[in-house]
Amino acid sequence: AIVDRRAADDPRIRPIVLRDNVGQGFARNAALTAARGDYVWFLDGDDWLDNPDLLRRVHDLARAEGSDMARAKKAFEAICDETGAVTGTRPDPTERFFDRTVPRTTFADCPALLHNRHHWTWLYRRAFLNAHDIRFVTPQWEERAFLTRALARARVISLSNVPGPAY
């Protein structure tokens with residue numbers, strides 16, 4: 001319902017309804033096939049962008065550096081009660097590896113990238129993903145293989161210390 005309302009106001013948003021439940025990974029692959037923009041960002045239903053300026057800033061960094069991937073800093077992890085209501089937040093301890101902006105790097109030059117736990121802290125250049133056929137290979141618990149393959153293939157990786165996605 002939320003996506004449908006947003007799509008009614010913004011032609012860039014196109015809800016995709018799959019006939020069968022194929023799992024998160026394969027659903028993301030369907031979205032990649034349908035994507036039209038230069039960049040893609042993945043966001044699950046239980047995640048959100050905590051910073052309204054995040055996408056513009058990470059996009060600007062990626063374009064300026066010609067990045068295949070540009071990372072935002074994870075804002076926090078939500079603490080929820082049994083009803084799902086957010087009752088607090090806590091920092092992700094792995095984010096200590098990502099507290100400064102690095103305009104250009106590679107996986108070979110920055111092995112600390114392996115401390116990144118999530119594919120949804122990244123903006124990906126769609127042509128890069130397509131050129132290397134980087135897709136999710138399992139329906140669930142899928143992000144590590146996708147992210148590792150993308151990191152290994154990326155020519156330019158940018159790291160931003162702009163806080164944004166929250167989980």
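## A buried glutamate to start with

At 5% relative accessibility, Glu95 counts as buried, where buried means under 20% relative accessible area, exposed over 50% and partly exposed in between, with a 1.4 Å probe and protein chains only. Look for Glu95 in the loop between strand 5 and strand 6. Leaving aside neighbours within four places in sequence, Glu95 is in contact with Arg71, Lys73 and Lys74; contact here means heavy atoms within 4.5 Å. Phe76 sits 19 residues from Glu95 along the chain, and their C-alpha atoms are separated by 9.2 Å.

Before going further, a word on what you're looking at. This is a predicted model, so local features need pLDDT of at least 70 and side-chain atom pairs count only at pLDDT 80 or more, while totals for chains, interfaces and linings use all residues. Residues are numbered from 1 along each chain as its sequence is written, and side-chain values use heavy atoms, with hydrogens and water left out.

## The overall build

The chain has five helices and nine strands. Both kinds of element are DSSP runs numbered from the N terminus: helices are H or I with at least four residues, strands are E with at least two. Reading from the N terminus, the order is α-α-β-β-α-β-β-β-β-β-α-α-β-β. The radius of gyration is 16 Å, close to the 15 Å that the globule rule gives for 167 residues, so the chain is as compact as a globular protein of that length. For the record, that radius is taken over C-alpha atoms, and the rule is 2.2 Å times the number of residues to the power 0.38. Taken along the principal axes, the C-alpha atoms fill a box of roughly 40 × 40 × 30 Å.

Of the 167 residues, 40% count as buried. Among contacts with a separation of 6 or more, 70% are between residues 24 or more positions apart.

## Surface and charge

The accessible surface comes to about 9,700 Å², and 53% of that belongs to carbon and sulfur atoms. These areas come from the Shrake-Rupley method with a 1.4 Å probe; for residues, only the protein chains shown count as cover.

As for charge, the chain carries 25 positive and 23 negative charges, and their mean positions are 6 Å apart. Lys and Arg count as positive and Asp and Glu as negative, with His and the chain ends not counted. Each charge is placed at NZ of Lys, CZ of Arg, CG of Asp or CD of Glu.

## Inside the core

In soluble globular proteins, nonpolar side chains tend to be buried together. A nonpolar core here is a set of buried Ala, Val, Leu, Ile, Met, Phe, Trp, Tyr and Cys residues joined through side-chain atoms within 4.5 Å. The largest one has 22 residues, and Met69, Leu113, Trp122, Tyr124, Leu129, Phe146 and Leu159 touch the most other members. Strand 7 (122–125), helix 4 (126–131), helix 5 (143–153) and strand 8 (157–163) each supply at least two residues of this core. Helix 5 gives the largest share, four residues.

Thr148 is found in helix 5 and, at 31% relative accessibility, counts as partly exposed. Its C-alpha atom is 14 Å from that of Phe128, 20 residues away along the chain.

Most residues other than glycine have a negative phi. Two exceptions turn up in the loop between helix 4 and helix 5: Asp133, with phi near 50 degrees, and Trp141, with a positive phi of about 50 degrees. Trp141 counts as exposed, at 78% relative accessibility.

Phe97 lies in the loop between strand 5 (86–90) and strand 6 (102–105) and is partly exposed at 31% relative accessibility. Not counting residues up to four places away in sequence, Phe97 touches Ala112 and His115. Asp47 is 50 residues from Phe97 in sequence and 21 Å away in space, C-alpha to C-alpha.

Leu43 belongs to the loop between strand 1 (39–41) and strand 2 (48–49). With a relative accessible area of 40%, Leu43 is partly exposed. Beyond residues up to four places away in sequence, Leu43 touches Trp48 and Leu49. The C-alpha atoms of Leu43 and Leu61 are separated by 19 Å, with the two residues 18 apart along the chain.
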